[in-house]
Structure formats: structure tokens, C-alpha cells
Amino acid sequence: MTKKKNSLDTLYKAFIYVMLITLAVTIIVPVAWVFMASVKQNSEFYGNPWALPATLYWQNFVDAWNAASMGSYMLNSVIVTAISLGLLLVVALPAAYCLSRFRFRGGKFLNTCFMAGLFINVNYIVVPIFLMLRDWDSWLNYFFRQTFLLNNLFVLAVVYASTALPFTIYLLTGYFATLPHDFEEAAYIDGAGYGRTMIRIIFPMAQPSIITIILFNFLSFWNEYIISMTLMSSSTGLKTLPVGLLNLMQAQQSKAEFGIMYAGLVLVMLPTLILYICVQKKLTQGMTVGGLKG
């Protein structure tokens with residue numbers, strides 16, 4: 001009986017390893033192929049697509065950065081992502097702390113509203129958001145002879161942060177609820193107020209969870225396409241990186257300059273890969289510590 005059980009365990013482990021290796025290959029191979037294609041010359045794409053590049057042709061990145069304006073698009077994405085994350089953290093951290101640590105009138109209703117927001121797909125409300133901002137811009141133009149809300153990177157960042165609030169507050173609230181109250185009570189005894197306790201005690205303890213939501217939302221903001229394309233439709237110079245990448249792909253496919261197109265793809269992927277490598281350990285802690293404490 002024991003021998004049969006050991007055989008089944010060995011077979012099960014082998015199956016798990018095969019599945020994990022298969023999954024890793026399906027992820028690594030396309031990414032590696034894009035990096036390899038980004039340093040190929042155009043003539044090399046008409047031969048064996050899996051062949052290694054004869055030389056590392058870095059001019060593709062120079063052309064994508066300068067001629068295709070990918071540098072300007074990346075700067076716009078950096079600005080929008082940084083502002084979005086800043087606004088999101090300023091609002092979500094205190095809100096999640098209050099909802100998880102205090103009982104007050106209307107708290108359950110607010111928590112229910114944030115939970116309901118999880119079931120709203122942002123892509124379905126892009127058109128209502130656009131129409132609302134367009135009407136407000138018409139009102140501003142009528143009274144002040146200028147527009148502000150459309151084709152504005154700050155407004156785009158506000159929309160990003162607003163749409164990410166439900167998920168962020170939900171995740172942080174669940175993590176804050178698992179933290180012990182002993183440290184807060186000790187801080188109150190020492191004379192610390194609610195705000196100081198929140199910033200100096202709770203937030204450092206919740207660092208893995210905060211890094212997790214920063215990474216998730218960074219990926220969401222950095223790769224977002226539909227909202228950016230809709231709200232920044234009239235301004236070429238303010239387009240974000242995903243929208244600019246689509247324009248690059250359409251232009252380079254017609255010119256058959258595939259190396260520049262793949263170099264643009266690498267420019268989009270590289271920041272997310274670097275960020276993930278830097279915070280991988282904290283990300284794992286943020287996704288597991290709360291469950292262990294619960």
C-alpha cells in the first residue's frame with residue numbers, strides 16, 4: 001500500500017513539474033523571441049524567424065526612440081503612471097485603514113459600495129466617462145473660453161486612479177484587518193494621534209501589501225490602452241506608450257521595418273520586467289502573509 005502511494009506521489013509530482021515547465025516555456029519563449037527580434041536587421045526577418053541575429057543591431061532602438069517618438073510617449077506614460085499611483089495611494093491608504101480599523105456610521109455602506117465597484121468593468125464605462133468630460137469641457141469653453149478635461153494627462157491620471165480605487169481598497173482593507181491592534185494601542189498610550197499612528201506604525205507593517213498594490217496598479221496603468229486612446233484622441237503629443245506603440249506597429253508594418261516595431265515592444269515591456277524583478281520578494285510576501293495570519 002505504501003509503495004503504491006509513493007508511486008502515485010511521484011507521478012503527481014512529475015505531472016506538476018511537466019505542467020510548470022510547459023507554462024514557463026510558453027511565457028519565456030515569446031518574450032525571448034521579441035528581445036531577439038528587436039536587434040535584428042530587416043533582411044534577417046525574411047529567412048528563418050528563429051535564427052539568432054548575425055549582429056546586435058541597436059539602431060532599431062535609436063530609430064524607435066527618436067524617429068517614432070517612443071521617447072515622448074514613454075515620458076507621457078511615466079508622468080501619468082506616477083501621478084495616478086500618487087493619487088491612488090493618498091486616497092486608498094487612509095480609506096482602507098479607516099474601513100478596516102474603525103466602526104462608524106455609514107462604514108458598512110461605504111465598504112459595500114467599494115465592493116460593488118469590483119464588478120464594474122472599466123472598459124464598459126469609457127464612453128460615458130468621455131461624454132461626461134466632453135460636456136463639462138463644453139461648459140468650460142462657454143464660460144471661460146477654454147477646455148481642460150479632455151487631452152489632459154492629469155485628468156487621465158485622475159480617471160486611472162478613480163477606476164482602481166475599488167480593487168485597491170478591497171485588497172488593503174483585508175490586509176489591514178489582519179494586523180494586530182497591540183502596536184496601535186502602544187502608540188496611543190505614548191501620545192500618538194490617529195494620523196501619526198497610521199503613517200508611522202501601520203503603513204510600515206503593511207509594506208508588502210502596499211508594494212503589491214503598487215505593482216498591480218503600475219502594470220494596469222502602464223499597459224492601459226482604451227481609456228487613454230479615448231480621452232487623448234485629439235492630441236498626438238500627449239499619447240501614452242500603448243497608444244503610441246499601436247501607431248508605431250501600424251506604420252512599421254506598412255514599411256516592413258519589423259526591427260523597429262519589436263524594439264518598441266521591448267521599450268514597453270522593459271520597465272515592467274525591471275520593476276517586477278526588483279519587488280518580487282515583497283510581492284510574494286504581500287500575497288501570502290495576510291492569508292497566513294488569518
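Is L165 buried or exposed in this predicted model? L165 is buried, with a relative accessible area of 17%. Buried here means under 20% relative accessible area, exposed means over 50%, and partly exposed lies in between (1.4 Å probe, protein chains only).

Residues are numbered from 1 along each chain as its sequence is written.

The confidence of the prediction was examined. pLDDT is the predictor's confidence in each residue, from 0 to 100. Its mean over the protein is 83, and 90% of the residues reach 70 or more. Residues 290-294 fall below 50, and this stretch has four contacts in the model beyond near neighbours in sequence. Contact means heavy atoms within 4.5 Å. Where pLDDT is low, the predicted coordinates should not be read in detail.

The protein has 12 helices and zero strands. Helices (H or I, at least four residues) and strands (E, at least two) are DSSP runs, numbered from the N terminus. Along the sequence the pattern reads α-α-α-α-α-α-α-α-α-α-α-α. Of the 294 residues, 37% count as buried. Contacts were also sorted by separation in sequence. Among those between residues at least 6 apart, 71% join residues at least 24 apart.

Helix α6 spans residues 153-176. L165 has its place in this helix. Leaving aside neighbours within four places in sequence, L165 is in contact with L88, V91 and A92. T168 counts as buried because its relative accessibility is 0%. Beyond four places in sequence, T168 contacts L88, A92, I213 and N217.

The largest nonpolar core has 61 residues, of which M70, L172 and F176 touch the most other members. Its largest share, 13 residues, comes from α6. A nonpolar core is a set of buried Ala, Val, Leu, Ile, Met, Phe, Trp, Tyr and Cys residues joined through side-chain atoms within 4.5 Å. L172 is in contact with A92, L93, A96, S209, I210 and I213, leaving aside neighbours within four places in sequence.

The surface was then considered. The protein exposes about 17700 Å², and carbon and sulfur atoms supply 68% of this area. Accessible areas come from the Shrake-Rupley method with a 1.4 Å probe; for residues, only the protein chains shown count as cover. A nonpolar surface patch of about 1100 Å² is made by Y12, F15, I16, Y17, M19, L20, I21, V25, V29 and W50. Patches are made of residues with over 30% relative accessible area and no salt bridge; like charges are joined within 9 Å, and nonpolar side chains (Val, Leu, Ile, Met, Phe, Trp, Tyr) within 5 Å. L20, one of the patch residues, lies in helix α1 (residues 2-37).

The count of salt bridges comes to two. A salt bridge is a side-chain nitrogen of Lys or Arg within 4 Å of a carboxyl oxygen of Asp or Glu. R101 and E184 form one of them, at 2.3 Å from N to O. This pair links distant parts of the chain: R101 is in helix α3 (residues 70-101), E184 is in helix α7 (residues 182-189), and 83 residues separate them. R101 and E184 are both buried. D135 pairs with R134, the closest N and O atoms being 3.7 Å apart. D135 is partly exposed, with a relative accessible area of 43%. R134 is partly exposed at 40%.

Several loop residues were also examined. I125 is found in the loop between α4 (107-117) and α5 (126-144). At 31% relative accessibility, I125 is partly exposed. I125 and I227 are 102 residues apart in sequence and 9.5 Å apart in space, C-alpha to C-alpha. R145 lies in the loop between α5 and α6. Its phi is near 60 degrees, a positive value in a residue other than glycine. R145 is exposed, with a relative accessible area of 66%. N151 is in the loop between α5 and α6. N151 has a positive phi of about 55 degrees, although it is not a glycine. N151 counts as partly exposed at 24% relative accessibility.

Note on methods: This is a predicted model: local features need pLDDT of at least 70, side-chain atom pairs count only at pLDDT 80 or more; totals for chains, interfaces and linings use all residues. Side-chain values use heavy atoms; hydrogens and water are left out.
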